[in-house]
Amino acid sequence: MRSILKLIASVFLALNLIGCVKKEVLDDISLIEGIGFDYIDKKNILGTVVIPVYLPDQPPKSNTFSTKAEITKSILQDIQRQTADPIVTGSIEVLLFSKTLTEKLGILPLVDAFQRDPSIGSGLYLAMVDGETKELLAGQYGIRGTATYISKLMEHNIRNEDLPKSNLELFLTDFYQEGKTPFIPQLKQIGKNKMEINGISLLKHGKMVDLIEPKEMFFFKLLVDKYSEGMHLVKIDSGEAAVRSIHSSHNFELTKRNPTEVTIHIKVDGIINEFTGQELTPKTIEGLQKQFEKDIKKESLKLIKRFKDKQLDPIGFGHFVKTQTRNFDFNNWRKNQYKDLVVKIKADVKISESGVIE
Amino acid sequence: MNSNVPDSKKISPFLVFFLIHTMQSGVGILGFQRFIAKTAGYDAWMSIILSGLFVHILLWMMFKMLKIADGDMTSIHTFVLGKKIGKIFSSFFILYFCLFTVAILRSYIEVVQVWMFPELRTFWFALVFHILVIYIVFGGFRTVAGIAFFSIILPFYIAVLFVVIIPYADFTNLLPIFDHSVKELLLASRDMSFTLLGFETLLFFYPFIQNPERSKKWAHFGALYTTMLCIYLAILAFGFFPEAQLQKNIWPTLAMWKIIKLPFVERFEYIGVSNWGLVILPNICICLWCASRLAKQLFSIRQKTSVPAIAILCLIATSLISTRGQINILTDYTGKVGFYFNFIYVPLLFAGTLIAKKVRNREKHT
């Protein structure tokens, strides 16, 4: 008898505990999948959220709500007053910032809320929009909703193409890492329901300072990501070839001090996808390899020179040299050493296959 | 002297491994990386090894003392300080374990409140948790040891799951090695010792071990395993976070999970944090058991009455603490008290025991 009483008492208490916490049923909430921020003036920003509405037998329709506010969370507060169901931030996939906002205000104050909120994963994508985010988000893209479209777009470009790895976690890591400049991809709307990735924006203290053009992205990724893939067009006298790098890696080596000299070994494993010339002899392949190596050297050094002139370091030379030096002084590095840094590139391209025809 | 524990209530020596390890790994393991990196930067993993070594030395001392006094903490105190003063000293440990209980439970509830349910009421959660703990402690020490066993076996997969974050980690962060002075490393190992606390419960459950001689190696294995686990988590966190970012995260171990995304659950923390409840459950059971056992030995209060009484006290104390600042002060004090007890009082007591033994021997001979 007593044990039954005990059991009833404990079940009762357990039920009490469940009652303490607010429950959220998926059908009765609005899940925000993406947020965009636009610049209004020095104090105010315009926030736009995308909420997918699921309809029977149709692709989800993306609804957008916009409001003006001073900080991120108050945007959400204002949008609460516009939506039928309470909005929840748990499944955000993309954060977009307009170009003007990134140039004038910087994205740091806006990112804080997403870093602080435990319900938001750090795998979400950040991107800068060439234009206004409100306009971009107003379009209907793909069949899985706008935010999913954008995140899928970035995901496959990171995995197979020349977009370097980038998400909130990596942005924060680069931001907090001394001697490294963070970067985020740039999107542009190119039609009513179309968009493209058209560059990578480098951010210093959260503000945009430089842009990597699409044609430089392949080399940028080679320098920034430990392993990368992508496609490059190699031109030699006997024709043009599209070479897809299926596996490439880089290695840094500190070869000299005073002035600091870093050698980057870049290894590219590629296959030929297309060749416009007459015949693809071993000799032409040799020529293509040589030319590819030359291209890597030339383009990479050009990029590095540009970064040095602008005092940017997305490749992380500062961090690399720090890991090789005891009692490293970042102030001295930024002021003097980085300017005098000598970078040498040793490229090694191997074209292993050329498709099913000779 | 005090070996009046019947054999049927004793535990096998290998369970000491789980008891030691579970007491050491509580809530501290969720956020220790930040504290040790504050002073020693990313060389702090060496400090973990250092404090791990200290733990082994202290364990050795404890076993030595327990053997000489043949009993538990109270018998050591009686042996060294005499009956009356020994009793006064021993009674402090009831408070010590109450403090531990409150600190562990409150920090865990804080984690739940911050990471999962901000609306969760401290009191209700603590109440239900305490009822469970009382139930387990009523089952006797063997049940407590059983819970300790499961609390390590069941959540073990969490430790393995951390490999998911390796692609995001940059282990060159750890370079250059030896970028910090010996002093900084020592300071960090002091901070690390707060996390490794808990093995002192050995002093209280020693009489319950069958064949204590054979439990020695298991106790050392337990401590070694904790040290290894801490090094593993520290190196992962150091690779995952740059130094400035690590300092911003209150629970680096949990923050690393933010990158894990599973198809069936959006945030892995929900699984991790709820599993952590199982990890801290034996901690509180052991603390409460130790406190009630002391009450029984010192004031001859039956455990049936002392366990609920102590639990109610802890429950009240737990519900009174409400803000992050207060929790910080509480854990700070608990850490300090634990540090002074383990790393200063235990060696002193060890010396005292050796002296007392010499004196007694001489008395016997003369």
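Modeller: Two residues are in contact if their C-beta atoms, placed from the backbone, lie within 7 Å. Keep that cut-off in mind. This is a predicted model.

Colleague: Let me start with the domains. Which domains does the assignment give for chain A?

Modeller: Domain 1 of chain A covers 26-212, and domain 2 of chain A covers 215-353. Their C-alpha centres lie 31 Å apart.

Colleague: How many residues of each domain are in contact with the other domain of chain A?

Modeller: Domain 1 of chain A brings 18 residues, and domain 2 of chain A brings 20. On the domain 1 side, β9 (194-204) and β10 (207-212) of chain A each supply at least two residues. That side divides into 7 nonpolar, 4 polar and 7 charged residues.

Colleague: Now the two chains. How many residues of chain A are in contact with chain B?

Modeller: 25 residues of chain A touch 25 residues of chain B. Two elements give two or more residues to the chain A side: α1 (2-18) and α7 (168-176) of chain A. α1(A) gives the most, with 5 residues. By type, the chain A side has 8 nonpolar, 14 polar and 3 charged residues.

Colleague: Next, helix packing. How are two packed helices described?

Modeller: By the angle between their axes and the distance between the axes. Take helix α7 (residues 141-153) and helix α14 (residues 269-299), both of chain B. Their axes come within 8 Å and cross at roughly 155°. Angles over 145 degrees count as roughly antiparallel, so α7(B) is roughly antiparallel to α14(B). The crossing is left-handed.

Colleague: Where is Lys9(B) placed in chain B, and what is Lys9(B) in contact with, beyond its neighbours within four places in sequence?

Modeller: Lys9(B) is in the segment before α1 (15-24) of chain B. Leaving aside those sequence neighbours, Lys9(B) is in contact with Gly140(B), Phe141(B), Arg142(B) and Phe208(B). Look at Phe208(B): in sequence, Lys9(B) and Phe208(B) are 199 residues apart, yet their C-alpha atoms are 7.0 Å apart in space.

Technical notes: Residues numbered from 1 in each chain as written. Chains lettered and ligands numbered in written order. Predicted model: local features only at pLDDT ≥ 70, side-chain atom pairs only at ≥ 80, totals over all residues. Axes fitted to C-alpha atoms, helices over the stretch in contact; angles between N-to-C directions. Helix = DSSP H or I, 4+ residues; strand = E, 2+ residues; numbered from the N terminus. Parallel < 35°, antiparallel > 145°, perpendicular 65-115°, else oblique. Left-handed = near helix turned anticlockwise from the far one by under 90°. Nonpolar A, V, L, I, M, F, W, Y, C, P; charged D, E, K, R; others polar. Domains from an automatic or database assignment.
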